[in-house]
Amino acid sequence: MKKRTKILLILFIIALLLFLGMSFFIGTQVFKGSTQLVTCDETSKVKDSFWERYNMDYDVFCSTYSIEKIEITSTFDSHMIPADYIYAPGKEGSKDNPTVILVHGLGGNRYTNYPLAEMFLQKGYNVLTYDQRSSNENTAQYTTFGYWEKYDLIDYIDYVYRHAPKHVIGVWGTSFGGATAGLAMGNKDVENKVDFLILDCPVSDMKWMVEEEMRKMDIGLPISYMTFCGNVINKMKLGFCYEDANVCDAITDIQIPVLVINSEADTLTPQFMGQEIYDAIQKEEMKMIWTVPDSEHTEMWLDYNQAYRENVQKLLDNIEA
């Protein structure tokens, strides 16, 4: 009887070790897949088809506006954060001016924000557009659905504020960049330096996005189990859980005007994401939402360009210059 009990105990320990080993392996794979979503090489160029689609001539844009390449060191983990500082007409060389910071989405870079930049430039705003982590010339290693990315944005908010402390500062973020922008506003000192926020098809929840990636893989294991394993490894390696990267929690007490833009047809960051961010904001008079019925992810600028401009202008009309 004792021998049988001993054998069962040994088998149990072996099974437990195998399960833990498998869980560690799965968690590591989920971690790798969710924290290296793009690379600098993959995002180093902008195809000609992009400029054609947005009806923009890159060379004409660069000759029309004064563009200064700047680079600051991250106060978070010391990597370099490259950016283009674009001066509004008549403001060449002067950073003491209303300014908008643009945060691109996953797979983009600072140049893919140029179409939106022109809208703000024509309104008299300077524009700062920078490369997010692991994008183009920003060589920071991990992508974290906005959680670590927010520190690069905070550094540039501080940079703009130092140069234009008495002027309006706005932040526009799209998709993955919307999560970056929303999470940065969870820092009250940062929010006090910003006057408005625009979130275009924003990611609201890292955990949901990771689970969605697991669903697409369809490897036969429970989604909750794989996500749990990935979450444990993420906490071990990076020091935070998926639940910490929830925009709704960060933005609930925001005191500045916010415009959320989304689409009912968006399958990448579904309409509920923008809606739950909007619903989470407690101050009713500080929030606006514009939802279209049929645009694909971040396509509202192309499909509803005039309405997009009008909704942005409504937000800006409520800002004291």
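Glu 71 stands opposite Pro 82 in strand 2, and that pairing is a handy way into this predicted model. Residue numbers start from 1 along each chain as its sequence is written, and side-chain values use heavy atoms, without hydrogens or water. As the model is predicted, local features need pLDDT of at least 70 and side-chain atom pairs count only at pLDDT 80 or more, while totals for chains, interfaces and linings use all residues.

- Strand 1 (residues 66-73) and strand 2 are antiparallel and share eight bridges; strands count as paired if DSSP finds at least two bridges between them.
- Helices (H or I, at least four residues) and strands (E, at least two) are DSSP runs, numbered from the N terminus.
- Six residues separate strand 1 from strand 2 in this hairpin, and Ser 78 in the turn has a positive phi of about 70°.
- Pro 82 sits in strand 2 (residues 80-87) and counts as buried because its relative accessibility is 0%; buried means under 20% relative accessible area, exposed over 50%, and partly exposed in between (1.4 Å probe, protein chains only).
- Beyond four places in sequence, the contacts of Pro 82 (heavy atoms within 4.5 Å) include Ile 70, Arg 110, Tyr 130, Asp 131 and Tyr 156.

- Strand 5 (residues 169-174) has six of its six residues buried.
- Ile 169, Val 171 and Gly 173 are buried on one side of strand 5, and Gly 170, Trp 172 and Thr 174 on the other.
- Strand 3 (residues 99-103) runs parallel to strand 5, with five bridges between them; Thr 99 has Ile 169 as its bridge partner.
- Strand 6 (residues 196-200) is also parallel to strand 5, again through five bridges, with Phe 196 opposite Gly 170.

**Nonpolar cores**

- The largest nonpolar core holds 61 residues, and those touching the most other members are Leu 128, Tyr 130, Leu 153, Tyr 156, Val 171, Met 185 and Leu 197. Such a core is a set of buried Ala, Val, Leu, Ile, Met, Phe, Trp, Tyr and Cys residues joined through side-chain atoms within 4.5 Å.
- Helix 5 (residues 149-163) gives this core its largest share, six residues.
- Another core lies apart from it, with 34 residues, among them Tyr 65, Leu 116, Phe 120 and Val 127.

**Salt bridges**

- The whole structure has 15 salt bridges, each a side-chain nitrogen of Lys or Arg within 4 Å of a carboxyl oxygen of Asp or Glu.
- Glu 191 and Lys 188 form one of them at 2.7 Å, N to O, and both lie in helix 7 (residues 188-191), three residues apart. Glu 191 is buried at 2% relative accessibility, whereas Lys 188 is partly exposed at 38%.
- Glu 243 pairs with Lys 207, their closest N and O atoms being 3.7 Å apart. This pair links distant parts of the chain, 36 residues apart: Glu 243 in the loop between helix 9 (223-238) and helix 10 (247-251), and Lys 207 in helix 8 (residues 206-217).
- Arg 215 and Glu 211 meet at 3.9 Å, N to O, four residues apart in helix 8. Arg 215 is partly exposed at 39%, while Glu 211 is buried at 16%.
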